[in-house]
Structures are given as structure tokens and as C-alpha cells.
Amino acid sequence: MNNRAENIRNIAIVGHASKGKTTLCESLLNICGATERIGKTADGNTVTDFDAEEKKRKVSINSAVASVTYKNKSINFIDTPGLFDFAMGAAEGIRAADTAIIVESARSGLAVGAEKAFKNAGAKGTARIFVLSKMDDERADFYKCFNGIVAKFGTQVCPVVVPVITDSKVKAYYNIIEDKAYAYDGLSYGEIDAKPDDISRFEAIKAVFAEAVASTDEELMEKYFEGEELTKEEKIKGLRIGVADGSIIPVFALSGLTGAACNMLLDFIADVCPAPKSEYAIDAKGEPVELIPDENGPLAAICFKTVADPFIGKLSFFKVVSGKITSSVPAYNTNTGNEERMGKLVKMFGSKQTDTPQLSAGEIGAVTKLSGFKTGDTMSSSGNPVRLDGVTIPTATYKMAVSATKKGDEEKIASGFSRLCEEDPSLCFGNNNETRQQIVSGLGEQQLEVAVSRLKDKFGVDAVLEAPRVAYRETITKKVSAQGRHKKQSGGHGQFGDVFIEFEPYDTDKLVFAERVVGGSVPKNFFPAVEKGLNECMEKGVLAGYPMVGVKATLYDGSYHPVDSSEMSFKMAAALAFKEGITNAMPVILEPIVTLKAVVNDDSMGDIIGDINRRRGRILGMTPGADNTQEIIAEVPDAEMTTFSTSVRQITQGRGSFTTEFARYERAPEHIAQKIISQANA
């Protein structure tokens, strides 16, 4: 295998869920000769969907790498999930790839996942190709889908392989690069002389291709204007330029299921798709430095994926941008400044590992047992540290409480989720000290369900998900005075403490304690005990047991006994005064309010605003954004936000996104407060 960077192709297969990404990958691997047969997702025998959860759910959950050789090119396919709940996998693939194949169904047309993949790949400067798969389906309509892509993304979209349709059926596939049509019987094919039903449309498609290719180079453009036909070599030359700089977005018609025309895509990957390119990194001085994909250059590699498995051990996936990784070189982590011994180097083919002596510039592979690396970290040399751009981690917006079905397993849950979060950084886990719950956050319901299932399979811990409790507060609305008198006689010294305390509303998160005692009715040495007693009571309010805020307590009178009074006596007296005073001070429930910033498409704005209003939210404003979007700013009770993530996805068809930030506490409406009190006292 020739591992020089110019002979490497790193290809991410991305797009919407259930459009045939894994199926296409299976056909490509089979044509390369890497597999004996084409696996099927439904049968659970594909190369890249090898995880137990993927087999059970019949859908991709993780990104997976399959390295093969084809036409003397080293090709690394990265199959990614299309479900929005597992967007981290797509982010990993796009970070490591130099070309993104965006798979669409020729039956259903452009989907949101394809739009997102196109945008995300473009933001990284990654070359893009559209594949319209499922051409074997009798409902497939290539030209309708192609026109939809052109309408959305512009004239840079360029057909390369199109179907030859006769009597409303795909008779062959026409390769415009070769000017030849091929008929397929499974993976077998042969050249035929086939003419489509709509000759004028077919000729128009060819003209679009010729103009797009010619416009990439002055010599080609001159030849095109003179009316000369471009040779195959000239077409490939123009395509290489256009695909690399993004001025050409090729479109292929094929069937991933039958494998028809997949060989043409594979040839295109080998002949046209760009090799790994230079990247900029930040050096030790904070200055940008260009890294060329040269195996003799300084070491720089990005960890784009981590697998933390108790059975196979930890695997850190790297794309080498410059230099080479060898087992003899220490693994220096630029992000942490720590160095560790290099693990075993392997190339991946789904779940299978093949040892390799080194990973050179441009290559993708994995290193075992690197405990100090996580997704997004840069490996470099300690003598020449540089830091590469990390992986774009999607923001977790859906949270649930997780609890153990077996008492005492809380620590096991925390340990297990720590490992799962290492593997999937879009998953977050932590303890809410106020509600005393363990909280897991992610991108959606399915992701959290899979995480809990993996918790059981990998770490042997049973857990269940439930709606998280809300951290309410209690406060008072009226100024009152109360007496607390604690007296107890039981042989020997008794207990005596007597205080008069004034309670009033005050703008503060914690108790404000003051005193204006005159005449020594309460000795100063008992003031701290009174304050301590009140602070302990603030931890649990009188209505529903939530912490108290916004209270000022002023000790203004009392009495003591020279023998029986003690700090404990005055602490107890303060507690009695608190209970009586707060109960009479018209206590109320406060609920947390968050500031919501939601970015949605114009068509969905009205429905989103309606949804926010139903959640007792208040719209503060709207700001126009890019690509026909609006940013809606609102304030919404945190208790109403549990299902907002699901609603946004449904209403916007996955196009919307949002963030929340705690704003303040606000008095809950009476009917809400009564419900909270009833639930707390049930």
C-alpha cells in the first residue's frame, strides 16, 4: 500500500437518517474486494454497524471507520449516523474527512439532514458530493431530486452520473466523464447504446456538466468556447480543481442496495476526490502555523473519536495532519501538556483491528490504551507543540434524571456515565446537589435511552430515566415579628433560650442576619447561635421544603437564664421563631426562569412562538438571521422546558436549535404553586 498523502482519500458518508448511507458503504466495500458479500442493515451484518445497540435498533448510532485499498489509493470510509440524536458521529466524520458524500434518497428528495451535512462540511472547507441513492425503487425521481438540490444550493451542483430512463424505468447509468452508458445486473455491468426518453433534458444535463468543468481552468474554458469536446483527462482535471475548491458539487445517481453504478462513484473517489490538505494550527506562542501533509514534517494529529469500552479497551482515533505516529514516539497531548507511552497502532475495518507500524500524514487510524487523550485533543511532539482545531461538539439540550434500580448503585452509574461521556462528548452527566438527582443531558430521547442501555450492557448497572425535579425556592412577601422560646428542665442544668425576631423580604440569595438588641437581653455570645439556627432553617421552607431566599432576620429582643442558657438553647429558640414567623409572612413559591434563545426557520417561527406561549413563556424579541432564520429570545419557566427540545425538532423538522441560560427566580402563579406544594407533601 502506498501511504503517501496524495494517494490517501478520507471520505465521510453523511446525510439524513434512513437514506442508505450504511448500505452504500457496504456496496463500496464489496466492490473494493474488502468483503465477500454486501451486508444489510436489517440483517445486522454490515461492517460499520457492529455495535450491539445498532444491530438491535437497525440504525447507525456511532461513526465507524473502514480502511480499504482501491486503484492504488488508500481509502478511509467513515460511515456516520443520520439521526439528530447522534449528531456527534457526523461531527467526528466531517472533522476527519477531506470529502463528504451526502447521501439522499432519489425517492424522497432533499432532507434536513442533508442540508445540515452540506452546511457543516462547507464550514470545514470539505469537498462535497451528492449521491442520489435508491434508484432501484420504482418511485425514484432523479431529476426532481436533482432540481431540488440545485434550487437549494445553486449552480455549483453538477451532474456526473445520471440515469438513462426508458419507459419510466432506469435502463442504464450514463457516466458523463466517459460519455458512456452502462447497464447493470447486480454488480455486473456492461456498456450499452442507450437513449433516454427525454433527449433534450439529457443534453441539457450534459451541457451543465461541460460548462461547470470548463469554468475551472482557462485552457479548458477556451477549448469549451471554441466548441471542442473535452477529453476524459481534461474533464477529470477540471473536476479535481472544482471539487477541491468547492466550485463543483458532483451528483451521482446509483443504487446502494443493488450496487448499480457504485463502481463509478468509487472510481471518482480514487481519481478526482482531493487528498488530505494543509491545515493551520496554533503554536506555543499562539501564532498560526501551516501544516503540510508530509510524513517528514512535525507531528500533528487530531483525536477525532474515542471509544471507551471495558472489553476492547480504550481506542483513540486519529487523523494525522503532519508527520507520522510511531510506537517509539511518546504521545504528547498539547491540550493537557502531558506525555504518555504510545499504545499499539491499528487500522480499522469496522470492529476489526489490523496492526500497523506507523500512521503517516493524511492517514486515519487508532491508538490503543491512551488514557490521557479525549476527543478533540491534539497529539504533537513536546519539543514542537501545536494545537489543531478540535471537533465541533453539538450542544446538549435534552436532560433527564437517571436513578439506579438497585439501591447503592449510584457510584457505579456515575463511573459508567463518566466512561460513556468520554466516548460521546455530546453526552453530559453530573449531580444536582439541590434536587439530589443524577442528571444526564444529551441531544434527544433516543441518545439517552441508548446510553442507559449501554450502561447495563457494558458496566452491568440497571438504571431508569425520569423527568428531573426542578430546583424551586421559597420566600416571604410580608414583614412580621415572631417569638421563639425554648425551655426544657430535666435534672441538673436545664435549657433556656428566648428570642424576638423580625422577618422581612430582602433582595438576597442567602439569609441576611442583623441585630438591634439593647440592654443585653440576649448576650452577644449567643448571636452566632441564633444566626446558625436561622440558616439551618433556611435550607427547608415551610410550604414545600424548598430552600428559602430573600429573607432578612433581625434579632431585636429576648431573654436568657444565667445558668440554663446555652448556644444550643438559642439555636432551638431561633428555629421556633423562624417556623412561626415565616408561616405568618405570606410565604410563596419561586420558580427558576431561563432565557431561551431559539434559532428557527421563518416558516416555523409562528408555531415556535405558540409553543413558547403554551409553556408560559414571554417573548422578548426577534432578530433576523442568515439563511431565512429568526432568533427568538424569550423567558420561560425552567419547569416547562423538559420537552422543548423534542417540540423544536418536530416543528422545525430538525432545522431549529436553541440554548438556555438561567435568568432569575420569579414568583410562581398560584395554581402552579399549589400543584408544587401538593406534590411535595404527597
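**Figure 1. Ile 282 stands opposite Pro 288, a residue of strand E12.** This close-up, like the others below, comes from a predicted model. Let's start with the strands around these two residues. Strand E11 (residues 279-283) and E12 run antiparallel, and 4 bridges join them. They belong to an open sheet of 3 strands, whose order is E12-E11-E23 and whose pairing is antiparallel. Which strands stand at the edges? They are strand E12 (288-291) and strand E23 (386-387); each has a single partner strand, so one side of each is left without a neighbour in the sheet.

**Figure 2. Strand E3 (residues 73-79) is mostly covered.** Here 7 of the 7 residues of E3 are buried. E1 and E3 run parallel and are joined by 6 bridges, with Ala 12 having Ile 78 of E3 as its bridge partner. Strand E2 (residues 64-70) runs antiparallel to E3, and 7 bridges join the two. Within E3, Ser 74 is the residue that Thr 69 stands opposite. How many residues lie between E2 and E3 in their hairpin? There are 2 residues between them, and Lys 71 in the turn has a positive phi of about 50°.

**Figure 3. Phe 318 and Phe 373 form an edge-to-face aromatic pair.** A pair of aromatic rings is described by the distance of the centres and the angle of the planes. For Phe 318 and Phe 373, the rings are 5.6 Å apart centre to centre, with 80° between the planes. Phe 318 lies in strand E14 (residues 313-322), while Phe 373 lies in the loop between strand E21 (364-368) and strand E22 (378-380), so the pair ties together parts that are 55 residues apart in sequence.

**Figure 4. Phe 417 and Phe 429 form a stacked aromatic pair.** The centres of these two rings are 5.1 Å apart, and there is 5° between the planes. Phe 417 sits in helix H10 (residues 410-423) and Phe 429 in strand E25 (residues 428-432); the pair links distant parts of the chain, 12 residues apart. Phe 417 is buried, at 0% relative accessible area, whereas Phe 429 is partly exposed, at 24%.

**Figure 5. Rings also form a cluster, and charged side chains can sit over a ring.** In the cluster, ring pairs link Tyr 173, Tyr 182, Tyr 184 and Tyr 189. Which residue lies over the face of Phe 118? It is Arg 128, at 3.9 Å from the ring centre. For Phe 317, look for the charged end of Lys 305, which sits over the ring at 5.9 Å from its centre.

**Figure 6. The largest pocket holds about 1600 Å³ of space.** Its lining is made of 48 residues, and the closest to its centre are Lys 116, Asn 120, Gly 654, Arg 655 and Gly 656. Several elements each supply at least two lining residues, among them strand E1 (8-15), helix H3 (87-96), helix H5 (142-153) and helix H15 (644-652). Which element gives the largest share of this lining? That is H4, with 9 residues. By type, the lining of the largest pocket divides into 21 nonpolar, 16 polar and 11 charged residues.

**Figure 7. The second largest pocket has a volume of about 580 Å³.** To find its centre, look for Lys 399, Val 594, Asp 638, Met 641 and Thr 660, the closest of the 25 lining residues. Strand E24 (398-404), strand E26 (437-442), E33 and E36 each supply at least two residues of the lining. The largest share, 6 residues, comes from E36. The lining of the second largest pocket has 12 nonpolar, 8 polar and 5 charged residues.

Methods
Residues are numbered from 1 along each chain as its sequence is written. This is a predicted model: local features need pLDDT of at least 70, side-chain atom pairs count only at pLDDT 80 or more; totals for chains, interfaces and linings use all residues. Side-chain values use heavy atoms; hydrogens and water are left out. Rings of Phe, Tyr and Trp (its six-membered ring) pair if their centres lie within 6.5 Å; planes under 30 degrees apart count as stacked, over 60 as edge-to-face and the rest as tilted. Buried means under 20% relative accessible area, exposed over 50%, partly exposed in between (1.4 Å probe, protein chains only). A charge sits over a ring if NZ of Lys or CZ of Arg is within 6 Å of the ring centre and within 35 degrees of the ring normal. On a 1 Å grid over the protein atoms alone, a cavity is a set of points where a 1.4 Å probe fits but cannot get out, and a pocket is an open set with protein on both sides within 12 Å along at least five of seven lines; lining residues have an atom within 4 Å of a point. Grid points are joined across faces, edges and corners, and a volume is the space filled by probe spheres set on the points. Ala, Val, Leu, Ile, Met, Phe, Trp, Tyr, Cys and Pro count as nonpolar, Asp, Glu, Lys and Arg as charged, and the others, Gly among them, as polar. Two strands pair if DSSP finds at least two bridges between them.
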